[in-house]
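Dear colleague,

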2 protein chains.
Amino acid sequence: MKILLVEDEHRIAQSIKKGLEQERMAVDVAYDGIEGYDLAIDEEYDVIVLDLMLPGMNGLEICDKLRQNKKETPILILTARGQVEDKVEGLNKGADDYLTKPFAFEELIARIRALIRRPQNIKDELLKIDELSLNVSSFEVIRNKKIIKLSSKEFTLLEFLMRHPNQILSKEQIMNHVWSYETDILPNTVEVYIRNLRNKIDKGFKYPLIQTVRGFGYKIGKNV
Amino acid sequence: MKILLVEDEHRIAQSIKKGLEQERMAVDVAYDGIEGYDLAIDEEYDVIVLDLMLPGMNGLEICDKLRQNKKETPILILTARGQVEDKVEGLNKGADDYLTKPFAFEELIARIRALIRRPQNIKDELLKIDELSLNVSSFEVIRNKKIIKLSSKEFTLLEFLMRHPNQILSKEQIMNHVWSYETDILPNTVEVYIRNLRNKIDKGFKYPLIQTVRGFGYKIGKNV
DNA sequence: AGTATTCAGTTAAAATTCAGCTAACCGATT
DNA sequence: AATCGGTTAGCTGAATTTTAACTGAATACT
């Protein structure tokens, strides 16, 4: 595991580095923000540990810039005690975790391990069918470069359809997966939602993507 | 996407439920093991999130029993910190992932997403006879690369024939299997449907696949 | 104001029946 | 063994009935 540690206080930096190396991690240290940023961009680290107060460029800036440049390396931020607002802002800027100084070394190790273990694919999940795409994490739906606004239920329904492309889904199945069991819904509600979806994602396009299969249900896909 | 959360501590359960709902998931909560098990069996969930320590029936038992009953719904187990042996046992019992409490909510979301994304049993059931194929899940019928549109009853009838290739099926048998018991239908109705089917899947092809066996019934298959 | 759900009337497609037709089967006749 | 009716099972075109799905608008919720 390869770690980048950005920390300007040499004594602290050396002690952390030593500790991590005992855990058999490879540690690079940068002593100012600019050096840290450059290393983070050029090298492939598994985790970046970032002090907030830094000469050159502060931790939040680094964080922000890295994310803007599509660097998705997990970032752990070190803050001085009580800088609560910084924590919040750090998470907003794309940091993955934070730790307050002073900390127990065990805690640091544990958190780094957690970040390493974390499934990297928190990347946006994109479902695609033909020229229609749905971004699960950003809630965006696009057909043919046109952005389409959906309500929450419409989105959920479309997501369910798109996770089963070209499969027939009965109204029953749809009711069971898109709604929870306490809420009981008339089958007609599904019909109404299908209509709303069609108005938004099919109307005005060359061909429809939502197909009715009378007696069985609906399916999504290009009809041949 | 529909999630079942089995967790006895109401406060925790509610907070998780709320969080998941913000991610546009439909969440059912069960507060003890037995209720959880029953729901898991009766409903169709996309993912089950299971606390280990539960009144009634513990998480491992639920997991075990579900798998024994051929429920293949992905299961994510929540364990208290340090119950490492439980994790191992959980995975043995058929769980798909585990997460240690306390966890970052992001982490939970990410893991649930990963389980949903996981290629489910997308087994398209394909029936084939000669150059004729029928896809039960997508409702598609193809002969010789030509896509054939069928009505619901036509499809059901063809499916019945194709599940018994080269067998003679009497009108009586067909009436009993393609129609429900109560509905009584004239034998002529079957004849009419056979005609409709022939018009769609035999007409215009080199040789017919549906054979009449006078006095006995019909069969499907290449006639020798 | 936007979303979720229901309602009630309409539309369109599929299901079923009907009535006349066709063709296979079979015994009687040549 | 070829031909003739008579009988019946199966075929067919079209009419009729039934029903699934669609739709515009109302209502309730937030």
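Please note that the model is a predicted one.

In chain A, helix H6 spans residues 152-162 and helix H7 spans residues 171-178; the two pack at an angle of about 120°, and their axes are 10 Å apart. H6(A) and H7(A) are therefore oblique to each other. Their crossing is right-handed. On the side of H6(A), the contact is formed by A:Thr156, A:Leu157 and A:Phe160, while H7(A) contributes A:Ile174, A:His177 and A:Val178. Sorted by class, the residues in this contact of H6(A) with H7(A) are four nonpolar and two polar, with no charged residues.

The pair H2 and H3

Helix H2 (residues 33-42) and helix H3 (residues 59-68), both of chain A, pack at an angle of about 25°, and here the axes lie 10 Å apart. Because angles under 35 degrees count as roughly parallel, H2(A) is roughly parallel to H3(A). The crossing of H2(A) and H3(A) is right-handed. From H2(A), the residues A:Gly33, A:Gly36, A:Tyr37 and A:Ala40 meet A:Glu61, A:Ile62, A:Lys65 and A:Leu66 of H3(A). The contact of H2(A) with H3(A) has two charged residues, alongside four nonpolar and two polar ones.

With kind regards

Definitions and conventions
Residues are numbered from 1 along each chain as its sequence is written. Chains are lettered from A and ligands numbered from 1 in the order in which they are written. This is a predicted model: local features need pLDDT of at least 70, side-chain atom pairs count only at pLDDT 80 or more; totals for chains, interfaces and linings use all residues. Axes are lines fitted to C-alpha atoms, for helices over the stretch in contact, and angles run from 0 to 180 degrees between N-to-C directions. Helices (H or I, at least four residues) and strands (E, at least two) are DSSP runs, numbered from the N terminus. Angles under 35 degrees count as roughly parallel, over 145 as roughly antiparallel, 65 to 115 as roughly perpendicular and the rest as oblique. A crossing is left-handed if the near helix is turned anticlockwise from the far one by less than a right angle, and right-handed if clockwise. Two residues are in contact if their C-beta atoms, placed from the backbone, lie within 7 Å. Ala, Val, Leu, Ile, Met, Phe, Trp, Tyr, Cys and Pro count as nonpolar, Asp, Glu, Lys and Arg as charged, and the others, Gly among them, as polar.
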